[in-house]
Amino acid sequence: MKDVIVHPGPQVEIIDSPIPHPGADQLVIKVVVSGSNPKDWKAPEWWKISANSGDDIAGIVHSVGENVFEFKPGDRVAAFHEMGTPGGSYAEYALAWQHTTFHIPKKTTFEEAATLPLAAMTAAIGLHARLRLPEPWLPAASPIPLVVYGGSSAVGAFALKFAARANIHPLIVVAGNGASYVETLIDRSKGDTIVDYREGNDAVVSGIKDALKGAKLSYAFDAVSEKGSYQNIIQVLDPHGNITLVLSGKEYKEIPKTVAQSLANVGSAHGDNKDFAYIYFRYMARGLHEGWFKGHPPEVVPGGLGGIQQALKNLKDGKASAVKYVFRIADTEGAKSASL
Ligand SMILES: NC(=O)c1ccc[n+]([C@@H]2O[C@H](COP(=O)([O-])OP(=O)(O)OC[C@H]3O[C@@H](n4cnc5c(N)ncnc54)[C@H](OP(=O)(O)O)[C@@H]3O)[C@@H](O)[C@H]2O)c1
């Protein structure tokens, strides 16, 4: 099968590899559409590791391990591949664990489904496992102001979708070029608002203060975690408030010790948060079916696997705005699926 190796740069190489075999609790999925994430270029560059760094899978079940009971060959599924392990999504076939795989409703396209797994799970973990905000099935009964910094990013936008479902308002959303997309996710009648980061740090801080109208801010989801984001947040966050961040491997020294600080680390879906991930992925499938949950706006990159290098470069250059780059594997030159 065609398989992609992402080298630092990002430089992408397409090689031929054997189709993987599933472990007892795993599935092999014939990838129809693969999604991308910023870490796909970051990991090879920071850790000097060349690998298939794709983790978002949408496709058709090819084979299942002996313990798999929820899925069978031929099922339409999406899955979050375990980061840093073989069998990534930038290939004709990829590996996933049963608990991080979910059925795709009939009306959901593979393109939409491929935008979901990693980013939506990060959002769920940040909001509900780290900040411990109300679950969408036990919605908030009174106002809970929440700042979502980077609301048009994939992670930020999914956080807004879960927060709205959990009746968490007012949502004070920091966004720029993607503000018009954020507008479709918020409810101004419940006090939600957008603050434009392009007007500078002082304007962000005063914009958040104005939106709070004197209310205490106890929760912030920082889906940017750089470029001054958390430095701005802590100027408005209660000294005993809670902030969840997305970038690992750095110290957030400016955040006061009295503030509860956490990392929305999606890798925990294959670690401490296995049960959480199992439940939330199935809940997402239900949300897609019922229509209250949606993917991030997909942009199909020409060339299938051959388009990955340009897409990762765009992510590195900060060109992605309210968009998720996805790849149709059948568009790849020489891919077997293209000739079927
Ligand atoms: N810890 C984890 O497990 C984990 C998991 C997933 C992602 N991450 C990290 O989380 C970050 C977001 O990932 P993603 O996939 O959501 O990225 P993304 O969708 O590619 O992010 C692009 C968005 O970032 C927004 N943005 C850029 N600078 C901003 C600023 N200064 N203030 C507000 N918004 C800003 C842009 O907003 P506008 O277009 O509105 O200008 C754009 O829509 C990345 O650094 C990623 O590596 C970490």
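Colleague: With which residue does Asp-55 form a salt bridge, and how far apart are the closest N and O atoms?

Modeller: In this predicted model, Asp-55 forms a salt bridge with Lys-39, and the closest N and O atoms are 2.5 Å apart. The pair links distant parts of the chain, 16 residues apart: Lys-39 belongs to helix H1, while Asp-55 sits in the loop between helix H1 (39-47) and strand E4 (56-64). Lys-39, Asp-40 and Asp-55 are linked in a network of salt bridges.

Colleague: Is Asp-55 buried or exposed?

Modeller: Buried means under 20% relative accessible area. Asp-55 has a value of 1%, so the residue counts as buried. Lys-39, at 21%, is partly exposed.

Colleague: How many salt bridges does the structure hold?

Modeller: The structure holds 12 salt bridges. One of them joins the side chains of Arg-282 and Glu-70, at 2.9 Å from N to O. Here, too, distant parts of the chain are linked: Arg-282 in helix H8 and Glu-70 in the loop between E4 and strand E5 (76-80) are 212 residues apart. Another salt bridge pairs Arg-286 with Glu-290, with 3.5 Å between the closest N and O atoms. Both residues lie in helix H8, four residues apart, about one turn of the helix.

Key
Residues are numbered from 1 along each chain as its sequence is written. This is a predicted model: local features need pLDDT of at least 70, side-chain atom pairs count only at pLDDT 80 or more; totals for chains, interfaces and linings use all residues. Side-chain values use heavy atoms; hydrogens and water are left out. A salt bridge is a side-chain nitrogen of Lys or Arg within 4 Å of a carboxyl oxygen of Asp or Glu. Helices (H or I, at least four residues) and strands (E, at least two) are DSSP runs, numbered from the N terminus. Buried means under 20% relative accessible area, exposed over 50%, partly exposed in between (1.4 Å probe, protein chains only).
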